[in-house]
Amino acid sequence: MATPTDGQLPASFRDPSGFLFSRNGILYRQINRAYTEDYARLMDSGLYEKLVKAGLLIPHGETDQAPAESEAAFKVIQPERAPFISYPYEWSFSQLKDAALATLSIHKRALKLGMSLKDASAYNIQFVRGKATLIDTLSFEVYKKGEPWTAYKQFCQHFLAPLALMSYRDVRLSQLLRVYIDGVPLDLASELLPFKTKFNFGLLTHIHIHAGSQKRYADKTVGPRKGMMSQQAMIGLIESLESTIKKLTWTPAGTEWGAYYEATNYSDSAFEHKKQLVREWTAEKNPNLVWDLGGNTGVFSREAATSGAFTVSFDIDPAAVEQNYQVVKKNKEQNLLPLVLDLTNPSPSIGWDHAERDSFGQRGPADMALALAVIHHLAISNNVPLPQLAQFFAARAKWLVIEFVPKSDSQVKRLLSSRKDIFPTYTRDGFEAAFLQYFKIHKAEPVRDSERMLYLMETQ
Amino acid sequence: MHFSPLPYLDPGSGSLIIQIIIAVLLGLGVALRASWGKIKGLFGIKPKADDDDTDGDSN
């Protein structure tokens with residue numbers, strides 16, 4: 001993974017409680033004096049220990065490092081680093097749902113120990129050891145009896161609205177999160193959701209009526225009213241959000257679980273041979289971070305992950321990513337992260353000064369990239385010339401395992417059946433010539449029982 | 001709305017008002033459930049364990 005340059009991280013500037021900074025490639029979090037009481041309560045109440053044990057909060061250690069800004073500083077901590085930072089617009093339905101439920105569970109547990117979650121940003125959740133985990137240690141505050149949940153609006157925008165839209169309208173609406181960095185505006189969600197959601201008590205209140213109330217009070221300030229919301233009322237609210245989210249489901253239409261690879265054209269022996277080569281080559285090069293680009297349901301990502309590498313399995317199809325995530329959960333896999341990504345239009349950097357959320361490219365390079373059965377989609381369906389493809393992959397990782405699928409292959413024939421063949425250089429020789437500009441080819445193996453070739457290359 | 005101290009993110013007037021209304025209603029439900037639990041307790045029926053008290057995984 002890329003080592004950030006020293007200094008304050010651009011994603012961490014809103015909360016006056018502290019901020020993240022990097023020094024000599026190590027990630028630290030400065031805690032400011034304003035947060036002293038809250039931090040002490042987090043650590044002394046047993047909440048920290050309880051949440052870390054449940055895998056809901058990232059562990060950290062206290063260090064003697066000098067703070068980055070000494071004037072406001074109280075302490076410097078070193079949090080465990082998430083192996084790969086991902087964003088909610090890259091998550092499948094169940095990943096976003098689990099992140100939502102983890103957030104509510106953390107808030108509930110905090111309330112029992114006299115604390116409250118002061119923000120509910122989906123960006124504070126990352127997948128660590130296969131589980132949705134809060135990475136912002138400074139998200140807690142001492143709970144004051146009678147006060148409402150300050151993060152309620154944020155929770156509805158970051159989690160409930162996109163989940164409801166994905167469940168009731170279309171799973172691709174998760175992409176609204178890429179446009180609206182602070183979550184889907186509730187009036188927009190209310191407008192886009194089908195009428196029948198008004199008969200769902202949770203969605204009626206937390207989205208439709210909530211949106212109406214926001215509009216009504218848009219330019220009014222609310223006078224001081226202390227002690228309006230009892231702890232019982234707070235628990236009622238959290239449980240209502242919890243049950244509303246638990247009832248939201250999404251089952252991919254037109255896809256059969258487990259039937260993905262049946263639509264392919266290669267034999268069992270070709271499939272097994274490919275798996276074996278991926279397993280052998282990753283074991284040999286022993287990468288720490290592998291990116292499987294076009295990973296589908298993660299069959300080959302899992303072969304790479306057996307080497308111990310943390311493997312991110314990217315695919316454009318939300319149904320494939322959903323299925324992949326279900327397998328991660330079922331098998332409690334700790335070093336595999338499925339994500340939704342369109343390689344032809346990957347996640348951009350977004351937010352303030354284009355720097356709050358990193359682009360796909362900025363989160364690299366990986367040690368090894370896999371590009372299996374993907375080149376024909378990029379070169380033919382998306383018209384990317386081979387030299388540009390080689391350049392793209394060279395920027396992603398030191399090692400590349402790439403499969404060349406020739407024009408004689410039935411999958412490529414299908415892609416060319418309804419269009420003009422404007423790809424005279426799309427041959428094995430043309431492919432190798434283009435990639436040799438950026439790579440050294442270490443291995444080239446014909447995939448058994450197929451016309452395909454598998455290469456192991458190293459960037460020059 | 002009075003906060004001590006003020007939150008660093010604006011919770012939104014409309015969001016706060018509706019939150020309190022919804023929560024007060026739902027809170028009544030929680031209270032009723034608690035009393036019902038006590039009544040059942042008198043007859044020796046134990047409440048279900050709260051899954052948040054276990055330290056297992058929640059997702």
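This report walks through a sheet, a helix pair and a chain contact in a predicted model.

## The sheet of chain A

Let's start with the sheet. In chain A, 7 strands make up an open sheet with mixed pairing, and their order is 12-11-10-13-14-16-15. Its edges are strand 12 (336–340) and strand 15 of chain A, each of which pairs on one side only. On average, and ignoring direction, neighbouring strands of this sheet are turned by 15° against each other.

Helix 11 (residues 318–330) of chain A packs on the sheet, where it touches strand 11 (310–315) and strand 12 of chain A. The direction of helix 11 makes about 160° with that of strand 12 of chain A.

## Strand pairings to look at

A parallel pairing is found between strand 10 (residues 289–293) and strand 13 (residues 366–371) of chain A, joined by 3 bridges. If you want a place to look, Val290(A) stands opposite Met368(A) in strand 13 of chain A.

Strand 16 (residues 453–459) of chain A has an antiparallel partner in strand 14 (residues 397–404) of chain A, with 6 bridges between them. Here Met457(A) in strand 16 is the residue opposite Leu400(A). Strand 16 of chain A also pairs with strand 15 (residues 439–446) of chain A, again in the antiparallel sense, over 7 bridges. In strand 16 of chain A, Leu456(A) has Lys443(A) opposite.

Strands 15 and 16 of chain A form a hairpin with 6 residues between the strands.

## Two helices side by side

Now to helix 4 (residues 152–168) and helix 8 (residues 231–247) of chain A, whose axes come within 9 Å and cross at roughly 30°. Because of that angle, helix 4 of chain A is roughly parallel to helix 8 of chain A. The crossing of helix 4 past helix 8 in chain A is left-handed.

Which residues of the two helices meet? From helix 4 of chain A come Phe155(A), Leu160(A) and Leu163(A), and they meet Leu241(A), Thr244(A) and Ile245(A) in helix 8 of chain A. By class, this contact has 5 nonpolar residues, 1 polar residue and no charged ones.

## Where chain B meets chain A

Finally, the two chains: 30 residues of chain B are in contact with 51 residues of chain A. On the side of chain B that touches chain A, the residues divide into 16 nonpolar, 11 polar and 3 charged.

Methods
Residues numbered from 1 in each chain as written. Chains lettered and ligands numbered in written order. Predicted model: local features only at pLDDT ≥ 70, side-chain atom pairs only at ≥ 80, totals over all residues. Pairing = 2+ DSSP bridges. Helix = DSSP H or I, 4+ residues; strand = E, 2+ residues; numbered from the N terminus. Axes fitted to C-alpha atoms, helices over the stretch in contact; angles between N-to-C directions. Parallel < 35°, antiparallel > 145°, perpendicular 65-115°, else oblique. Left-handed = near helix turned anticlockwise from the far one by under 90°. Contact = placed C-beta atoms within 7 Å. Nonpolar A, V, L, I, M, F, W, Y, C, P; charged D, E, K, R; others polar.
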